[in-house]
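This briefing goes with the structure shown below.

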Amino acid sequence: MAATASHAARFSLGKAAPSPHPCAGVAIRFQIIPYPDKVFSARTGWPLHPNRLHQLAAARGARTLIDLTVANPTQCGFEYPRAQLLAALGHAAALRYQPQPLGLESARAAVSAYYAERNASPVPTNRLLLTASTSEAYAHLFRLLCDPGDAVLMPAPSYPLFEMLATMSDVRLLACPMLYDRGWQLDREALEHAAGSEPKLRALLLVHPNNPAGCYLKPGEWQWLQELAARCGWALVLDEVFFDYPLPPHAAVPLDWESAPALTFVLNGLSKIAALPQMKLGWVSVHGPGNLRQPALARLEILNDLFLSADAPIQHAAATFLQTRHGVQAQIRARLAANLAALDAALLACPALERLQVEGGWNVILRLPRVRTDDAWAELVLERAGVLTHPGHFYSLPLESHLVISLLPPLETFQAGIEALVAAAAGALR
Ligand SMILES: Cc1ncc(COP(=O)(O)O)c(C=O)c1O
């Protein structure tokens with residue numbers, strides 16, 4: 001990496017000349033070692049400057065911007081049971097340090113009860129591991145399943161953070177595009193092809209419902225994936241963070257993991273279930289044949305013990321946080337449905353824009369004419385309408401022109417944003 005002039009001046013980069021030791025009068029002379037070109041790992045070599053879209057958004061300033069990318073439910077006008085949430089954080093037992101590598105039994109029991117209330121496949125407490133977040137659970141799983149250079153495969157589009165999470169564990173993330181024809185489905189042929197051509201593949205990452213495509217896996221797909229994974233020796237990672245947010249007329253699709261033939265990890269956390277991303281608690285439950293499940297749990301327990309990052313106050317509050325989910329989830333589901341209806345109404349003004357089918361989750365995808373790239377469309381609606389959206393490639397959508405928008409903003413904000421977006425797009429197509 002080239003050093004900048006100011007860095008060079010400050011740190012004498014590349015200067016090999018002898019230099020006096022800072023302690024005056026000491027006869028020793030030290031050689032300044034040239035500052036190595038490569039101090040940092042390649043895996044942290046991210047571009048550290050904001051991309052063009054975010055530079056343009058910053059230049060506009062927040063007052064003239066309608067942000068249709070918001071993902072933070074605590075800033076979208078939902079009412080939380082404040083007193084109950086705050087009281088739950090004051091549990092006296094939190095003053096005791098009880099290091100439990102799997103997480104506190106009482107918190108795991110609360111998570112297990114969540115699955116029982118959902119009528120999901122059972123999740124016994126001894127198959128559960130608590131982490132600080134779902135993202136941390138992914139990091140543990142990558143370290144559990146992969147050696148450097150191994151690969152994991154995700155149906156695309158998918159959650160943008162996977163790329164960075166995988167890279168941080170020296171894991172290659174491969175994408176297998178899903179098929180879209182008035183609804184999404186897995187490309188089984190492409191997945192079979194991956195099975196034959198990628199010997200270092202260790203796991204499939206499945207988001208249920210997908211973010212941002214919003215499709216639930218179907219039971220037939222799940223069964224097929226289980227058989228494929230068992231045959232190929234892959235693990236299945238099932239991320240259900242948006243499970244509780246189906247969009248009518250669709251219903252959430254429960255999947256059976258009790259009799260899974262493949263090693264299966266099911267992930268979730270408070271961030272979406274209770275719409276509390278600031279209360280750091282996620283989890284992973286382990287399923288599949290006992291000869292794989294037991295060592296997986298034992299190894300994960302050691303990985304978790306290295307960090308013990310789920311803290312005591314949050315674990316003691318977990319049962320209350322999970323109980324309060326019903327009220328906030330109902331508000332969020334009503335918001336998602338109202339915004340989706342507003343979107344469909346606004347799109348009537350410009351038939352060239354198509355809203356892709358969505359069954360659940362907090363995001364929706366718009367398909368725009370391919371006269372511009374998705375980056376160019378995102379810049380156009382930002383510049384002409386003051387509306388911030390995400391270009392589809394951010395979510396590994398194929399090279400068509402897609403914009404991803406969040407259904408979380410308050411209805412009036414969303415409506416104003418989407419109408420301005422549609423008007424700007426229609427104007428550009430005229
Ligand atoms: C599909 C998916 N998985 C995981 C996460 C991260 O969840 P957490 O906040 O628990 O790390 C997100 C966040 O938006 C997500 O969209």
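How many bridges join β16 to β17, and in which sense do the strands run? There are 2 bridges between β16 and β17, and the strands run antiparallel.

The model is predicted: local features need pLDDT of at least 70, side-chain atom pairs count only at pLDDT 80 or more, and totals for chains, interfaces and linings use all residues. Residues are numbered from 1 along each chain as its sequence is written. Helices (H or I, at least four residues) and strands (E, at least two) are DSSP runs, numbered from the N terminus.

**Domains**

- The protein is divided into domain 1 (52-78 + 326-429) and domain 2 (83-323); the bounds come from an automatic or database domain assignment.
- The centres of domain 1 and domain 2, taken over C-alpha atoms, are separated by 27 Å.
- Across the boundary, 27 residues of domain 1 are in contact with 28 residues of domain 2, where contact requires C-beta atoms, placed from the backbone, within 7 Å.
- On the side of domain 1 that touches domain 2, the elements giving two or more residues are α12 (325-347) and β14 (363-368).
- Helix α12 gives the most to this side of domain 1, with 7 residues.
- By class, the side of domain 1 that touches domain 2 has 17 nonpolar, 8 polar and 2 charged residues.
- In this classification Ala, Val, Leu, Ile, Met, Phe, Trp, Tyr, Cys and Pro count as nonpolar, Asp, Glu, Lys and Arg as charged, and the others, Gly among them, as polar.

**The 4-stranded sheet**

- The order of this open sheet of 4 strands is β13-β14-β17-β16, with antiparallel pairing; two strands pair if DSSP finds at least two bridges between them.
- Strands β13 and β16 (390-391) stand at the edges with a single partner strand each, so one side of each has no neighbour in the sheet.
- Strand β13 (residues 354-355) is joined to β14 by 2 bridges in the antiparallel sense, and Glu-354 stands opposite Arg-367 in β14.
- Strands β14 and β17 (residues 401-406) pair in the antiparallel sense over 6 bridges.
- Asn-363 has Ser-406 in β17 as its bridge partner, and Leu-366 stands opposite Leu-403 in β17.
- In β17, 6 of the 6 residues are buried, so the strand is largely enclosed by the rest of the structure.
- In a regular strand the side chains alternate between the two faces of the sheet.
- From β17, Ser-401, Leu-403 and Ile-405 point one way and His-402, Val-404 and Ser-406 the other way.
- Helix α13 (residues 374-385) lies across β14, β16 and β17, at about 50° to β17; axes are lines fitted to C-alpha atoms, for helices over the stretch in contact, and angles run from 0 to 180 degrees between N-to-C directions.

**The 7-stranded sheet**

- A second open sheet has 7 strands in the order β4-β12-β11-β10-β9-β5-β6, with mixed pairing.
- Its edges are β4 (128-131) and β6 (172-177), each with a single partner strand, so one side of each is left without a neighbour in the sheet.
- Neighbouring strands of this sheet are turned by 25° against each other on average, direction ignored.
- Strands β5 (residues 151-156) and β9 (residues 201-207) pair in the parallel sense over 3 bridges, and Ala-151 has Leu-201 in β9 as its bridge partner.
- Helix α7 (residues 188-197) packs on the sheet and touches β5, β6 and β9, its direction making about 145° with that of β6.
- Helix α4 (residues 105-117) lies across β4 and β12 (282-287), running at about 110° to β4.

**Ligand surroundings**

- Of the 13 residues around the ligand, Ser-133, Thr-134, Ser-135, Gly-269 and Ser-271 come nearest; a residue is near a molecule if its C-beta atom, placed from the backbone, lies within 6 Å of it.
- The shell around the ligand divides into 5 nonpolar, 7 polar and 1 charged residues.

**Gly-183**

- Gly-183 is in the loop between β7 (179-180) and β8 (184-185).
- Gly-183 counts as exposed because it has 12 C-beta neighbours inside 10 Å.
- Leaving out residues up to four places away in sequence, Gly-183 touches Cys-215 and Gln-357.

Conventions. Contact = placed C-beta atoms within 7 Å. Buried ≥ 20, exposed ≤ 12 C-beta atoms within 10 Å, placed from the backbone.
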